[in-house]
Amino acid sequence: MEDSPQTDPSKAGKTHEQAASIAPKSGERPDQGAAPTPDYEIPNADNPTKMEHEASADAPIHHIPAPEVANAKYLFPILAQPPEELTGLRLEGQARVAAGVTAVLKSMQFSWGEGGVNRGSKVLLAMNQKDGFDCSSCAWPDPDEHRSVAEFCENGAKASASDADDKAAGPDFFAQHSLADLSRMTDRDQNNAGRLTHPMVKRPGSDRYTRIEWLEAFQIIGRELNALDSPDEAVFYTSGKVPNEPAFLFQLFVREFGTNNLPDCSNMCHESSGSALSPTLGLGKGSVTLNDIHEAEVIIVIGQNPGTNHPRMLSALQKAKRNGAKIISVNPLIEAGLVHFKNPQDFMNPLRALGALLGDGTQITDLYLQVRVDGDMALLRGIMKHLFEAEDQNPGQVVDRPFIEEFTTGFESFEQNIRNTSWEDIESESGVSRAQLLEAANIIATKQKIITCWAMGVTQQRNGVQTIQEIVNLQLMKGAIGKPGAGTCPVRGHSNVQGDRTMGIWERVHSGFLDALEKEFKFTAPREDGYDVVEAIKAMRESKTKVYFSLGGNLLAAGPDTEMIAEGMRRQKLTVFVGTKLNRGHLVTGETSLLLPCFTHADIDMQQSGQQITSCENSMGVVSQNKGVLVPLAGEMLSEVAIISGMAIATLGDRTSTDWVGMTRNYDVIRDHISRVIPGFEKFNEKLRQPGGFYLPNGPRERKFTTKNGKANFSTTQLEKHTLEPGQLVLMTVRSHDQFNTTIYEYNDRYRGIHNERRVLFMNERDMAERGLKAKDLIDITSHFENEQRTVEKFVAVPYDIPKGNVCAYFPEANPLVPISSVAKVSNTPTSKYVVVTVVPATISKGTSEKAMAREAVEA
């Protein structure tokens, strides 16, 4: 524990070090263009849907009856939930070190096991290279300068191995399996069935997919879309894996068709980040670069598990540590990657190889705060309350008042709000003691270069937006934004989820973007807001839509309230799924369903003008190329661009003047359009071909805040107190180490000591004892919301180091417990990190008569 300015004045920072004039000098950062880009996440002042979201943030929630969850397996032959059969849990102790030799061996095992040594090695050596392709898993940035030969992590290797799979799930495979049979496979086995190679159709009344020609598939889509009473009866969902070029074409087609129903995976992850950052800083993205991480004095990692979800981030944290940074980790679980890290790259360094092999690697965290689920806002307030107390003892030495006066508004109200928060509320809501929070404040108080990183552990709370606003408050009070080594860092999950939003994949309308789109393509765009994910699920279930189109992804497994999504899918006349591999979301279908195979980032995409490249935008606003290196498997796969263009031509006919054929023949034509529509993409084709790509403009990075008032805005938030009924617990959902998003590679989670099983519930040992449970007991879990219950059966209780009153399970297995109406205020993001549950010993399986009764109850 460091002394604070309150106890040791020599620890106080110097006033000149906090001067507002200290901003980036020319050459300190990569060129980002001449001006900050307008933020399309800032809605118009008269935007009715946004105003409704904000006005209704604390309003009573519209009641939607809960679907059948526990009985669904008896009611529907095609399972929407993963099968309940257990696979044989083996428990080991929690790991305290991430990566190392094991990560290297696992990378090779997956890469060579899926695609063979030749394809597996080829894809690994090209991944994240300047002349290669972007990893299709997480969006962590690549180094600007030197890149290692092995510029990938274990989970990137798993993702690329899945993409490089040389097994085919073609027409013969689907001929052998009905949809019901396929739904009884585990999610892992579905993914491991092989690459989709031919367009397939499930026709009305059929129980399986059969082969179809591309032309007929496009005709079916066009016919069903044109038969709708309104374009708003169609929903167009997008995965964050989709590159910029097809994403831009997709939103163009959807808007030319006449709707803004463009929900995407961002609605379920970092929507809260955009909703918090846009009004406070003027840009719904982070403000730091990878080099800033290396240069930071303090890094706060909150609600994030980089060891599993963004493993390459550990290399950046290790470099920061070696440069002297202090790291504070905030998480309900003690995650191995935030404790110690053995960098596999060190094995290639003679000076570090022995230590990397025999030692514990680099200690990452200096202070670990094991917060309660959804206690992060109270925790942040406690740290800032200590900082204000230190400022009282050392005026002008802790709080950056010159920066605040020049660049911000709202400080006085914010300060009063923090000072008025009681220590009793802070400790009870956060679960962290005042003394521990003082340790954190001591680390921060004298430092100027501070970065806060966060992910789903924050964004998927009821108060996720307000918690991120408190993160911004902390950065602003320290003047820790707009200079090297300081700023905000929302860590995006999927490879291009940030780029898709930049390309216009968004259900809320921004007039500037639509004006530019109309001018470029000569059509009148719809101006009414469309459905986000939660609103789309509700509309589908209420039969307000008839067509669901998914460009990648797996909404069934990614979204909340699994059985409600399934109900909605079954009510569609047509469902269309574009993908690379089979997943559970392809099996719960509408009356007619199409399964259309596409290329991955790693596949060579040959069109009439030659091999094409696409692009992705990473977490720090760098746009770089994808140039595939693998010959696609034999079959009839098309690029995403070709599929979108084929659908557009079949649907729009002579209603469109857009040259869909020309854009498919040469993706440079798409990029030329983008360069004229989206600020920051001028000379797109030229800049994309620069080694390493280019940075998009970023206002907050340069202390240029494109908010409505031109200032960075402090926020005054409301701290909510949570109350539970006796016996209730709070559930959070997480990934295992052997999965990425909804893709399951294996049944293991070795850092948490879980092997060969996914249906587990991590519990505090005292909570288990109070319920008479012991390790490996079978349990049922029931969520409670708005006087309704949802139950999942046959989970295994696992004692774990987690705060009392909190429990944790993997998604998608636990997603049926997340109520559709339980959402974050303002952002409308499902609250997968705050689900009230009860846990009881598992009941005996229902007999035949009970199954019949369940079926009759639903039919009634």
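Me: How do α8 and α27 lie relative to each other?
Reply: Helix α8 (residues 214-226) packs against helix α27 (residues 640-652) at an angle of about 55 degrees, and their axes are 8 Å apart. The two helices are therefore oblique to each other. Angles under 35 degrees count as roughly parallel, over 145 as roughly antiparallel, 65 to 115 as roughly perpendicular and the rest as oblique. Axes are lines fitted to C-alpha atoms, for helices over the stretch in contact, and angles run from 0 to 180 degrees between N-to-C directions.

Me: What is the basis of the model, and how is it numbered?
Reply: This is a predicted model, in which local features need pLDDT of at least 70 and side-chain atom pairs count only at pLDDT 80 or more, while totals for chains, interfaces and linings use all residues. Residues are numbered from 1 along each chain as its sequence is written, and side-chain values use heavy atoms, with hydrogens and water left out.

Me: And the elements, how are they defined?
Reply: Helices (H or I, at least four residues) and strands (E, at least two) are DSSP runs, numbered from the N terminus.

Me: Back to α8 and α27: left-handed or right-handed crossing?
Reply: The crossing of α8 and α27 is right-handed. A crossing is left-handed if the near helix is turned anticlockwise from the far one by less than a right angle, and right-handed if clockwise.

Me: Which residues make that contact?
Reply: From α8 the contact uses Trp 214, Phe 218, Gln 219, Ile 221, Gly 222, Leu 225 and Asn 226, and from α27 it uses Ala 642, Ile 643, Gly 646, Met 647, Ala 650 and Thr 651. Contact means heavy atoms within 4.5 Å. Of the residues in this contact, eight are nonpolar, five polar and none charged. Here Ala, Val, Leu, Ile, Met, Phe, Trp, Tyr, Cys and Pro count as nonpolar, Asp, Glu, Lys and Arg as charged, and the others, Gly among them, as polar.

Me: How does α9 lie relative to α27?
Reply: The axes of α9 and α27 are 9 Å apart, at an angle of about 15 degrees. These helices are therefore roughly parallel to each other, and α9 passes α27 in a left-handed crossing. In α9, Glu 245, Pro 246, Leu 249, Phe 250, Phe 253, Glu 256 and Phe 257 meet Glu 640, Val 641, Ile 644, Ser 645, Met 647, Ala 648, Thr 651 and Leu 652 of α27. This contact divides into 10 nonpolar, two polar and three charged residues.

Me: Which strands form the open sheet with β22 in it, and in what order?
Reply: The order is β21-β22-β23, with antiparallel pairing in an open sheet of three strands.

Me: How many bridges join β21 and β22?
Reply: Four bridges join β21 to strand β22 (residues 622-626) in the antiparallel sense, and Thr 614 stands opposite Asn 626 in β22. Two strands pair if DSSP finds at least two bridges between them.

Me: New topic: is β9 enclosed or open?
Reply: Strand β9 (residues 326-330) has four of its five residues buried, so it is largely enclosed by the rest of the structure. Buried means under 20% relative accessible area, exposed over 50%, partly exposed in between (1.4 Å probe, protein chains only).

Me: What does β9 pair with?
Reply: Strand β8 (residues 298-302) runs parallel to β9 and is joined to it by five bridges, with Ile 302 opposite Val 330. Strand β12 (residues 367-369) also pairs with β9 in the parallel sense, over three bridges; Leu 367 in β12 is the bridge partner of Ile 328.

Me: Where is Lys 794, and what is its phi?
Reply: Lys 794 is in strand β31 (residues 788-799). Although not a glycine, Lys 794 has a positive phi of about 65 degrees. Its relative accessibility is 33%, so Lys 794 counts as partly exposed.
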